[in-house]
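Biologist: Could you walk me through this model? I would like to start with the terms and then go on to the fold.
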Amino acid sequence: MTAYTLPTPSRPAPAEPRTVYTVASGDLRPAANVTCWPTQEKLEQDLTAALTDLGWQVRRGHDHDAAKGHGFIDSQRAGIEVFKTLPKDALLIVVEGVWQYSHHVLAGLRDHRGPILVVANWSGEFPGLVGLLNLAGSLTKAGRQYSVLWSADFTDDWARDGLRTWLDTGVLTHDTSHVHPLPPLPEDPETELGVALARQLREEKAIIGVFDRAAWACTTPSSTTSSSTRSASTRSACRRAPWSPR
């Protein structure tokens, strides 16, 4: 009978008392990660200051890579290795100041047993909110509970109160009373055109892409920019899109 050496799963250390652990999922493109890193650093410093004022300490789940010029998780493999070391029941915050690729961290977040909060900077110039929305959509599709929060610098009462609520309860629920079902549309030329276009798309199909607009917003100033310009420009990696919050 063959004798096999059975694998032994890694056992992370337990979470420290009153400690929040953080991770930062990044872009697949090195230029975007390097360009956005100073903004990410500022976001993490602001968040750490807020958490410290609320009586918590912060442990970053992975180091800055001096050779790469940033501290983002920039691949699926890197994310898997990071989550091997994180306490499974810890309060975990995903901090996003950049467009990010959710598969970097989704596997680890899916199996994490503690509360998850995704935070972003409220900026019309850097795409942290777009990265937050992408990751939130992925977590929703994965059936994983999570909360979200955003702020310009985490000094405002609204953001501080949200952090306090999540730290105390593990859940943060936002007021959505302003959202209402779409009322019946009037019978006018615009409605007629919309219905006709919808029917055409259903029958003839078109390649649109769920996240294409968001991705281009973080890549180029305009969708009409030439491919050579896109390749040459690193500063445009995080430029504001026309529909970004201002």
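Modeller: One term comes first: two residues are in contact when heavy atoms of theirs lie within 4.5 Å. Please keep in mind that this is a predicted model.

Biologist: What share of the contacts between residues at least 6 apart in sequence join residues at least 24 apart?
Modeller: The share is 76%.

Biologist: How many helices and strands are there?
Modeller: The protein has eight helices and five strands. Read from the N terminus, the order is β-α-β-α-β-α-β-α-β-α-α-α-α.

Biologist: In what order do the strands lie in the sheet?
Modeller: The order is β2-β1-β3-β4-β5, in an open sheet with parallel pairing. Strands β2 (57-60) and β5 (147-151) each have a single partner strand, so they stand at the edges and one side of each has no neighbour in the sheet. From one strand to the next, the twist averages 30 degrees.

Biologist: What holds strands of a sheet together in general?
Modeller: Strands of a sheet pair through backbone hydrogen bonds, either parallel or antiparallel. Here, β1 (residues 19-23) runs parallel to β2 and is joined to it by four bridges.

Biologist: Which residue in β2 is the bridge partner of tyrosine 21?
Modeller: That partner is arginine 59.

Biologist: Which strands does helix α5 lie across?
Modeller: Helix α5 (residues 157-169) lies across β1, β3 (91-96), β4 (116-121) and β5, and it runs at about 155 degrees to β5.

Biologist: How do α1 and α5 cross?
Modeller: Their axes come within 10 Å and cross at roughly 60 degrees. The crossing of α1 and α5 is right-handed.

Biologist: Which residues meet there?
Modeller: From α1, the residues are Leu47, Ala49, Ala50, Leu51 and Asp53; from α5, they are Arg160, Leu163 and Leu167.

Biologist: Now for the interior. What percentage of the residues count as buried?
Modeller: Of the 246 residues, 40% count as buried. In soluble globular proteins, nonpolar side chains tend to be buried together.

Biologist: Which residues touch the most other members of the largest nonpolar core?
Modeller: They are Val23, Leu109 and Val118, in a core of 20 residues. At least two residues of this core come from each of β1, α2 (76-84), β3, β4 and α4 (128-141). The largest share, five residues, is supplied by α4. Apart from this core lies another, of 19 residues, including Ala50, Ile93, Val95 and Leu117.

Biologist: What does leucine 109 touch?
Modeller: Leaving aside residues up to four places away in sequence, leucine 109 touches Phe83, Leu92, Val94, Ile116, Leu135, Leu139 and Arg144.

Biologist: One more topic: how many aromatic pairs are there?
Modeller: The count comes to three aromatic pairs. One of them joins tryptophan 37 and phenylalanine 72, which are edge-to-face, with 5.3 Å centre to centre and 80 degrees between the planes. This pair links distant parts of the chain, 35 residues apart: tryptophan 37 is in helix α1 (residues 30-53), and phenylalanine 72 is in the loop between β2 and α2. Both tryptophan 37 and phenylalanine 72 are buried.

Biologist: Why is the pair of tryptophan 99 and tyrosine 101 edge-to-face?
Modeller: The planes of tryptophan 99 and tyrosine 101 stand at 75 degrees, with the ring centres 6.3 Å apart, so the pair is edge-to-face; the cut-off for that class is over 60 degrees.

Biologist: Is tryptophan 99 buried or exposed?
Modeller: Tryptophan 99 is buried, because its relative accessible area is 4% and buried means under 20%. Tyrosine 101, at 26%, counts as partly exposed.

Conventions:
Residues are numbered from 1 along each chain as its sequence is written. This is a predicted model: local features need pLDDT of at least 70, side-chain atom pairs count only at pLDDT 80 or more; totals for chains, interfaces and linings use all residues. Side-chain values use heavy atoms; hydrogens and water are left out. Two strands pair if DSSP finds at least two bridges between them. Axes are lines fitted to C-alpha atoms, for helices over the stretch in contact, and angles run from 0 to 180 degrees between N-to-C directions. A nonpolar core is a set of buried Ala, Val, Leu, Ile, Met, Phe, Trp, Tyr and Cys residues joined through side-chain atoms within 4.5 Å. Buried means under 20% relative accessible area, exposed over 50%, partly exposed in between (1.4 Å probe, protein chains only). Rings of Phe, Tyr and Trp (its six-membered ring) pair if their centres lie within 6.5 Å; planes under 30 degrees apart count as stacked, over 60 as edge-to-face and the rest as tilted. A crossing is left-handed if the near helix is turned anticlockwise from the far one by less than a right angle, and right-handed if clockwise.
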